[in-house]
Amino acid sequence: MIGYPPLQIRVKTPRLELVGAADEMLAALAPLVRDGKVFAEPAPYDDPMSFYESDPDVRVSRWLQSVWRGRGRFSPSDFRLAFAVLVDGEAVGMQDLIAEKFDSCGTFASFSWLSTDVRGRGLGTEMRSSLLHLAFAGLGASEAGSDAFVDNIGSNKVSEALGYERNGVDWDIRRGEPGLLQRWRLTREAWETRRRNDIDLTGVEDFCTFLAHH
């Protein structure tokens, strides 16, 4: 994957770094998936979700396949950038940018997970903040969206802390049962009022050139 711009982006904050999730990064994250350190209660993910697989090897293989599928779908309108989250050089989770109608509407969503070993330190907020900086400052996005099951206290608190506004509710399925989702939105104007000056971006210019040629 040397020279592939979607995997060359880096976002660095004082506390962590987002690094394009090339296969060597996925290999570093795989033990966390295998050991179930990606999971939480109440269940945070909708169906289908490979993290619910009971067999550790199946869980890892299906997770890898889902990341590779996301990597393979790419257009100026819809794309997914998957990042490994590094803390002191150690891979501890993932943060994804999911672009939707990006070339026309500038909208995107986010998805993340964090190892149980490092939860409760404010890293979830820092991860999302770094992704917002990439999208708004680096890629010129217009609006961020997010959603989480109403009992996913951690994710909803991150959205609230970063200035998202509540944007209605929806339903989805998790573990075969319906669950209520809280939807959130963050406009560029609202993000600008909280914009940070301690986040560094690398590889964005090459990615934007790559995006323009597809």
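Guide: Trp63 and Trp113 are both buried.

Visitor: What makes a residue such as Trp63 or Trp113 count as buried?

Guide: Buried means under 20% relative accessible area, exposed means over 50%, and partly exposed is in between, with a 1.4 Å probe and protein chains only. This is a predicted model, in which local features need pLDDT of at least 70 and side-chain atom pairs count only at pLDDT 80 or more, while totals for chains, interfaces and linings use all residues. Residues are numbered from 1 along each chain as its sequence is written, and side-chain values use heavy atoms, with hydrogens and water left out.

Visitor: How many aromatic pairs does a search of the whole structure find?

Guide: The search finds 15. One of them is Trp63 with Trp113, at 6.5 Å centre to centre and 75° between the planes.

Visitor: Why is that called an edge-to-face pair?

Guide: Rings of Phe, Tyr and Trp (its six-membered ring) pair if their centres lie within 6.5 Å; planes under 30 degrees apart count as stacked, over 60 as edge-to-face and the rest as tilted. The 6.5 Å and 75° of Trp63 and Trp113 therefore give an edge-to-face pair.

Visitor: Which parts does the pair of Trp63 and Trp113 tie together?

Guide: Trp63 is in helix α2 and Trp113 in strand β5, so the pair ties together parts that are 50 residues apart in sequence. Helices (H or I, at least four residues) and strands (E, at least two) are DSSP runs, numbered from the N terminus. Ring pairs also link Trp63 and Trp113 into a cluster with Phe39, Tyr45, Phe51, Tyr52 and Phe111.

Visitor: How do you know that α1 has the span expected of a helix?

Guide: The expected span is 1.5 Å times one less than the number of residues. Helix α1 (residues 23-34) has 12 residues and reaches 16 Å from its first C-alpha to its last, close to the 16 Å expected.

Visitor: Which residues of α1 are buried, and what puts them on the same side?

Guide: Met25, Leu26, Leu29, Ala30, Leu32 and Val33 are buried in α1. They cover an arc of only 165° around the axis, which puts them on the same side of α1. The arc is that of the directions from the helix axis to the C-beta atoms. An α-helix has 3.6 residues a turn, so residues three or four places apart point the same way. The face turned away from the buried side of α1 carries the exposed residues Glu24 and Ala27.

Visitor: Why is Ser115 called buried, and what does Ser115 touch?

Guide: Ser115 has 2% relative accessibility, so it counts as buried. Ser115 is in the loop between β5 and α4 (123-138). Leaving out residues up to four places away in sequence, Ser115 touches Leu32, Lys37 and Val92, where contact means heavy atoms within 4.5 Å.

Visitor: How do you know that strands β7 and β8 pair?

Guide: Two strands pair if DSSP finds at least two bridges between them. Strands β7 (residues 165-174) and β8 (residues 177-187) run antiparallel and are joined by 8 bridges, so they pair. Arg174 stands opposite Glu177 in β8.

Visitor: What makes Arg174 a charge over the ring of Phe149?

Guide: A charge sits over a ring if NZ of Lys or CZ of Arg is within 6 Å of the ring centre and within 35 degrees of the ring normal. Arg174 lies over the face of Phe149, at 4.2 Å from the ring centre.
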